[in-house]
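The sequence and structure come first.

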Amino acid sequence: MPLYDPKTTALVSIDLQAFVLGRPLAPYSAQQVTTNTVAIANRLKADGGTTVFVTVGFSSDYADAVNQPVDESFTLPPGGLPPAALEAPPEMAALTPDVAIVKRQWSAFYGTELDLQLRRRGINTLILTGVATNFGVEATVRDAYAANYAVIVAEDAATTLSQEMQDFSCTKVMPRLSRIRKTAEILGN
């Protein structure tokens with residue numbers, strides 16, 4: 001039995017943009033994640049599937065960003081994110097997604113039209129890639145599962161800040177909400 005039906009499947013890539021990819025990433029590099037995501041996107045499009053590229057973005061004063069007290073805050077540059085921070089890697093920029101979503105929190109679903117765009121296209125299965133595995137990717141997996149989408153996480157097309165974080169998310173959390181597969185398995189569908 002195939003892993004997915006391309007006609008009812010969408011690739012959803014999370015935060016593949018300079019602002020995120022410029023950080024020290026592990027266990028996979030920004031280049032590995034980008035290369036694997038592009039391979040999945042090209043294959044899925046060739047087979048009649050849908051591609052959705054999700055990026056994070058805020059207004060210049062960050063009034064649209066979550067701003068609550070936490071023990072480990074995330075610092076954003078004053079005056080807003082520079083345009084270069086929002087740029088996709090050249091390999092991703094060369095592709096034209098079917099849907100482009102800008103999010104303002106970890107999940108690609110919360111506060112966006114992602115669910116609407118997927119349902120109108122008859123999508124019931126999602127392949128997720130991106131950064132960071134245990135933040136934006138996992139938050140999106142959780143919401144996708146709650147919305148009754150079948151989810152496949154391309155483990156080697158997602159990365160985070162450490163091997164430990166990747167392992168915990170991919171072995172303890174997301175297997176309860178999705179199927180975890182390597183890019184080669186997804187391409188071999």
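Asp-15 is buried, with a relative accessible area of 7%. The model is predicted, and in it the phi of Asp-15 is positive, near 55°, although the residue is not glycine. Asp-15 sits in the loop between β1 (9-14) and α1.

Tyr-62 is another non-glycine residue with a positive phi, here near 60°. Its position is in the loop between β2 (50-56) and α3 (90-93). Tyr-62 has 15% relative accessibility, and because buried means under 20%, Tyr-62 counts as buried.

## Cis peptide bonds

The bond from Ala-26 to Pro-27 is a cis peptide, with omega near 5°. Pro-27 belongs to the loop between α1 (18-21) and α2.

Val-131 and Ala-132 are also joined by a cis peptide bond, and omega there is about 0°. Ala-132 lies in the loop between β4 (125-131) and α5.

## Helix α2

Helix α2 spans residues 30-46, a run of 17 residues. From the first C-alpha to the last, α2 reaches 24 Å, close to the 24 Å expected at 1.5 Å a residue. After α2 comes Gly-48, with a positive phi near 95°.

The buried residues of α2 are Ala-30, Val-33, Thr-34, Asn-36, Thr-37, Val-38, Ile-40, Ala-41 and Leu-44. An α-helix has 3.6 residues a turn, so residues three or four places apart point the same way. The buried positions of α2 include Ala-30, Val-33, Thr-37, Ile-40 and Leu-44.

## Packing of α5 and α6

Two packed helices are described by the angle between their axes and the distance between the axes. For helix α5 (residues 133-146) and helix α6 (residues 163-173), the axes come within 10 Å and cross at roughly 20°. Because of that angle, α5 is roughly parallel to α6. The crossing of these two helices, α5 and α6, is right-handed.

On the α5 side, the contact is made by Thr-133, Asn-134, Glu-138 and Arg-142. These meet Met-165, Gln-166, Ser-169, Cys-170 and Val-173 in α6. Sorted by class, the contact of α5 with α6 has 3 nonpolar, 4 polar and 2 charged residues.

Definitions and conventions. Residues numbered from 1 in each chain as written. Predicted model: local features only at pLDDT ≥ 70, side-chain atom pairs only at ≥ 80, totals over all residues. Heavy atoms only, no water. Axes fitted to C-alpha atoms, helices over the stretch in contact; angles between N-to-C directions. Helix = DSSP H or I, 4+ residues; strand = E, 2+ residues; numbered from the N terminus. Parallel < 35°, antiparallel > 145°, perpendicular 65-115°, else oblique. Left-handed = near helix turned anticlockwise from the far one by under 90°. Contact = heavy atoms within 4.5 Å. Nonpolar A, V, L, I, M, F, W, Y, C, P; charged D, E, K, R; others polar. Expected span 1.5 Å × (residues − 1). Buried < 20%, exposed > 50% of the residue type's maximum accessible area, 1.4 Å probe, protein only.
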